[in-house]
Amino acid sequence: MKALELTGLKKVYADGQIALDGIDLTVEDGDFFALLGPNGAGKSTTIGIISSLVRKTAGRVVVYGIDTEVDFQGAKTHLGIVPQEFNFSLFETVWDIVVNQAGYYGISRARATARAETCLRHLALWDKRMDSSRTLSGGMKRRLMIARALVHEPRLLILDEPTAGVDIEVRRLMWDFLVDLNQRGTTVILTTHYLEEAERLCRNIAIIDHGRLIENTTVKALLTTLHAETFVLDLAKPLASLPPSADFVLSLTDSTTLEVVVEKGSYLNDLFALLSAHGIVVNSMRNKANRLEELFINLTGNGGGLVDG
Amino acid sequence: MGEQTPADQPGVNHRYLISVWTIVRKEVARFTRIWLQTILPPAITMALYFVIFGNLIGPRIGKMHGVDYMQYIAPGLIMMSVITNAYANVVSSLFGAKFQRHIEEILVAPIPSLLLLVGYMLGGIVRGVLVGIVVTATALCFTHLHVESWLVTVTVIVLTAALFSLAGLLNALFAKKFDDISIVPTFILTPLTYLGGVFYSIDMLPSFWQKVSLGNPILYMVNAFRYGMLGVSDISIATAFGVIVLFCVALFGASLWLLERGVGLRI
């Protein structure tokens, strides 16, 4: 079954700006899907239309078989939305925010309190339940928005940059939580600032640029189209000059840091054979950029402020 | 997180009832949490009105429509508090929710515009009526009040609170900054209230200004409420009810029409 179908989705704002120019997209039930795009590409507008906060100019949105033109309220029961910006009352407690959200979905008080407890415990917010939301840290506020979005047990959870501005520990906690949620059957759509996040979590990926869909495939398939990867090698001893090579593009960042561009079809074994032949000892090695990030830059021609739109 | 079986799921009407009740409960929790700003000030203001206009100036004015001046102004002052607070509750709550964007909590939920409207309106009515009760209790410290007709009194107070809740909602929908929510109360609502027969009978005005006063909708509410409490009114009670209901229906229809189109809330 399809969790989400977007057909010819178009949004033209009152000032004539075309935010979406005919997006066609399908997300299967149970998928973990990444929606990427540079600043102002139209990702948040797409989520806004799906959640009813933005009115579409044209096109069709179907959530679990329910056309939003026919029964938007029915479609909304399947949706959980975690927006990019904090959008809860700063004067309410964590508990009230989550329990009230369940109430808006027509869930009885008894059931709402039980679900709120489950969500808050899963997201390590139980001890903070009676705290005013404005006193929470950035990471806790993000987790509060996830708890709020899950309290009515949606089949499709859409997160707009959920890990923006949170520390690594919290980010990993949220990753584990989302993976677990997806494995238990919830379809997850994610936009993210961290392409590593998309590569690590998602099975399928769509890239939007200037309101159009420019890529829609599996993460695995997309990575196979990568023509070259850049590796950074930390050397054991300073290097005075670069060894000559016909197969690799080598450059020195400083005397002990070597950058190597490995084209598709070249082998790392050959690289290490070359380095060994010249007595160069490597201490460690890493990707210069995330692989998906390199692809993203190639596809969109965007080198900065990658996907914050 | 357990799955919900169909038998556990409430019907659509029951779900909607819970949704509206949640909005109302949240609204009531909001204004009671800040009771020092919402409930207490009207009581203090009214006490000052009674001291100045009732105790100090009132005896020099004498009777009006056969009752003491203090008794005469009491219904108008109660109604003034109801109007101000019903309006203020919805305009500040809804605009605050827009400003902080937590109105999106309701907008993304499966709540039809009609229920959002009813929820906010009921929140305004509850505050208006509650403040009305507090102000009435304050008035009883200064003068004797009796109720001529409970039916008229309660109906007028609820309908008036509903009307100004709807007016506050309309103001909040169009407001883009905090200044926009103070313009209407300052430049329209307060003058209309003061000129709506709270402190005087329009019989005291020259003929021209009597006719002008009839264009002020608050005059009908104040007089209908005064009729309910004291049995005296400048306006026929049927006309007053007709005007109040007409305004309620018009504002309700306009609010619903705007909400359905997402004006002020959706992009």
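Predicted model: local features only at pLDDT ≥ 70, side-chain atom pairs only at ≥ 80, totals over all residues.
Figure 1. F95(B) belongs to helix α4 (residues 69–100) of chain B, while F178(B) belongs to the loop between α7 (150–174) and α8 (180–194) of chain B, so the pair ties together parts that are 83 residues apart in sequence. F95(B) has a relative accessible area of 2% and is therefore buried. F178(B), at 43% relative accessibility, is partly exposed. Ring pairs also bring in F99(B), so that F95(B), F99(B) and F178(B) are linked into a cluster.

**Figure 2. The ring pair of F208(B) and W209(B).** Which type of pair do the rings of F208(B) and W209(B) form? Their planes stand at 80° and their centres lie 5.1 Å apart, so the pair is edge-to-face. A plane angle over 60 degrees is what counts as edge-to-face. F208(B) has a relative accessible area of 54% and is exposed. W209(B) has a relative accessibility of 47% and counts as partly exposed.

**Figure 3. Charged side chains over aromatic rings in chain A.** Two examples are presented here. The charged end of K76(A) is placed over the ring of F72(A), at 5.4 Å from the centre of that ring. In the other example, R155(A) lies over the face of Y64(A), and the distance to the ring centre is 3.9 Å.

**Figure 4. A nonpolar surface patch on chain B.** The patch covers about 900 Å² and is made by W35(B), L36(B), L40(B), I44(B), L48(B), V51(B), I52(B), L56(B), I57(B) and I61(B). Helices α2 (35–38) and α3 (40–61) of chain B each contribute at least two residues to the patch. Which element provides the largest share of the nonpolar patch? The answer is α3(B), with eight residues. Among the members of the patch is L40(B), which is located in helix α3 of chain B. With a relative accessibility of 34%, L40(B) counts as partly exposed.

**Figure 5. Positive phi angles in chain A.** Most residues other than glycine have a negative phi. Two residues with positive values are shown here. S52(A) is not a glycine, yet its phi is positive, at about 85°. S52(A) is placed in the loop between α1 (43–51) and β4 (58–63) of chain A. Is S52(A) buried or exposed? Its relative accessible area is 6%, and S52(A) is therefore buried. A124(A), also a residue other than glycine, has a positive phi near 55°. The loop that holds A124(A) runs between α4 (109–122) and α5 (138–150) of chain A. A124(A) is partly exposed, with a relative accessible area of 47%.

Figure 6. How many salt bridges does the structure hold over all chains? The count is 15. In one of these, E69(A) is joined to K56(A), and the closest N and O atoms are 2.4 Å apart. E69(A) is exposed, with a relative accessible area of 58%, whereas K56(A) is partly exposed at 22%. A further salt bridge connects the side chains of D67(A) and R60(A), at 2.9 Å from N to O. D67(A) is buried, its relative accessible area being 15%. R60(A), by contrast, has 42% relative accessibility and counts as partly exposed.

Figure 7. The side chains of R115(A) and E153(A) form a salt bridge with an N to O distance of 3.6 Å. This pair links distant parts of the chain: R115(A) lies in helix α4 of chain A, and E153(A) lies 38 residues apart from it, in the loop between α5 and β7 (156–160) of chain A. R115(A) is buried, with a relative accessible area of 6%. Elsewhere, salt bridges with shared partners join E92(A), R148(A), K26(B) and E105(B) into one network.

Key:
Residues numbered from 1 in each chain as written. Chains lettered and ligands numbered in written order. Heavy atoms only, no water. Helix = DSSP H or I, 4+ residues; strand = E, 2+ residues; numbered from the N terminus. Buried < 20%, exposed > 50% of the residue type's maximum accessible area, 1.4 Å probe, protein only. Phe/Tyr/Trp six-rings, centres within 6.5 Å; stacked < 30°, edge-to-face > 60°. Lys NZ or Arg CZ within 6 Å of the ring centre and 35° of its normal. Patch = residues over 30% accessible without salt bridge, like charges linked within 9 Å, V, L, I, M, F, W, Y side chains within 5 Å. Areas by Shrake-Rupley, 256 points an atom, 1.4 Å probe, with all protein chains shown as cover. Salt bridge = Lys/Arg side-chain N within 4 Å of Asp/Glu carboxyl O.
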